[in-house]
Amino acid sequence: MDIKYKTAEEIESIRVSSLLVSETLAHVAQFIKPGVTTLELDKSAEDFIKSKNAIAAFKGFKGFPGTLCISVNAEVVHGIPTKRVVRDGDVLSVDCGVIQNGWYGDSAYTFGVGQIDQSDIQLLQVTQQCLMQGIAKVKVGNRMGDVSSAIQEYAELHKMGVVRELIGHGIGRNLHEKPDVPNYGSRGQGINLKAGLVIAIEPMINKGKRGIKFHDDGWTVTTIDMKNSAHFEHTVAVTQNGYDVLSSFEPIQSAIEKNINIYNINV
Ligand code: MG
Ligand code: MG
């Protein structure tokens, strides 16, 4: 499958879907507190997406049972919502995708529940910053390796591990399209970034070593050293002028500021 470049109009459709993902993550953030189960958080997302007449993109995708991927602590991504109870000090990565009018949006945010460790505060800040460093390299004339290496260099500068086995992706009429968007690479290498390319950039960063383990449930991925991992993701379009972030952390940030049970990493 070749890369499908999008028209300006198509990018606006992907923005609508991506912003619904952001609103969904903000909605879920209201309910994050010690004692809630990841399944309850999942249900809140499912109800919200239905109320907007959209489709939860992950539910049923290759058999995934949830609306959200909720990955706790040493879980990297693809955590299945269950009756697991969220605790004070947990690091909760929440990934969401929706389909609206046939277009996908995909975004993820990692929340610190209550009082988290200093090292986890740094993990969350560094991972969010890795995403921003990658996005800053998105412009016509740059290569994918410029994005990838910016993410890798920022993480490694802070002595954190960059997951290799799971990467970002093109997005549009499908959740996962060409091209691959690795979180590691070399400057000046990889495909040319052209206007109309829409990609999900999603660094998965480990506090310890980069190695991960795939579990027998077919989904859950954890770090091998069982140290915590974080994940931030935006859907981003390449434009003539640089980048256009189609999802937004603003509604999530507003929700965090109203919820004393979430540690605000952006203070
Ligand atoms: Mg995602
Ligand atoms: Mg993604």
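1. Donors are N, O and S atoms within 2.8 Å of the metal (3.2 Å for Na, K and Ca), and because water is not among the atoms, sites may look incomplete. With that in mind, the protein donors of the magnesium ion (ligand 2) are Asp-106 (OD), His-169 (NE2), Glu-202 (OE) and Glu-233 (OE), which lie 2.1 to 2.2 Å from the ion. Along the chain these donor residues follow the spacing D-x62-H-x32-E-x30-E. Distant parts of the chain are linked here, since Asp-106 belongs to strand β4 (residues 103-113) and Glu-202 to the loop between β8 (198-201) and β9 (204-206), 96 residues apart.

2. A word on the basis of these values: this is a predicted model, in which local features need pLDDT of at least 70 and side-chain atom pairs count only at pLDDT 80 or more, while totals for chains, interfaces and linings use all residues. Residues are numbered from 1 along each chain as its sequence is written, chains are lettered from A and ligands numbered from 1 in the order in which they are written, and side-chain values use heavy atoms, with hydrogens and water left out. Helices (H or I, at least four residues) and strands (E, at least two) are DSSP runs, numbered from the N terminus.

3. How far apart are the magnesium ion (ligand 1) and the magnesium ion (ligand 2), and which residue coordinates both? The two ions are 3.2 Å apart, and the residue that coordinates both is Asp-106. Burial is counted as under 20% relative accessible area, exposure as over 50%, and partly exposed as in between (1.4 Å probe, protein chains only). On that scale Asp-95 and Glu-233 are buried, and Asp-106 and Glu-202 are buried as well.

4. Helix α1 (residues 8-29) packs with helix α5 (residues 250-258) at an angle of about 10 degrees, their axes being 8 Å apart. This makes α1 roughly parallel to α5, a term used for angles under 35 degrees, with over 145 counted as roughly antiparallel, 65 to 115 as roughly perpendicular and the rest as oblique. On the α1 side the contact (heavy atoms within 4.5 Å) is made by Ser-22, Glu-23, Leu-25, Ala-26 and Ala-29, and on the α5 side by Pro-251, Ile-252 and Ala-255.

5. Buried residues of α2 include Leu-41, Ala-45, Phe-48 and Ile-49, and the buried residues of α2 pack against α1, β1, β2 and β3. In α3 the buried residues include Ile-121, Leu-124, Cys-130 and Leu-131.

6. Several points concern the backbone. The peptide bond from Lys-178 to Pro-179 is cis, with omega near 0 degrees, and Pro-179 is found in strand β7 (residues 177-181). Asn-53, which follows α2, has a positive phi near 55 degrees. Lys-62, although not a glycine, has a positive phi of about 50 degrees; this residue is found in the loop between β1 and β2, and with a relative accessibility of 69% Lys-62 counts as exposed. Asn-101 likewise has a positive phi, near 50 degrees, and lies in the loop between β3 and β4, where it is exposed at a relative accessible area of 68%.

7. Two glycines close the note. Gly-35 lies in the loop between α1 and α2 (38-51) and is partly exposed, with a relative accessible area of 46%. Not counting residues up to four places away in sequence, Gly-35 touches Glu-40, Val-85 and Val-86. Gly-63 is found in the loop between β1 (55-56) and β2 (68-72) and counts as exposed at 53% relative accessibility.

Technical notes:
Axes are lines fitted to C-alpha atoms, for helices over the stretch in contact, and angles run from 0 to 180 degrees between N-to-C directions.
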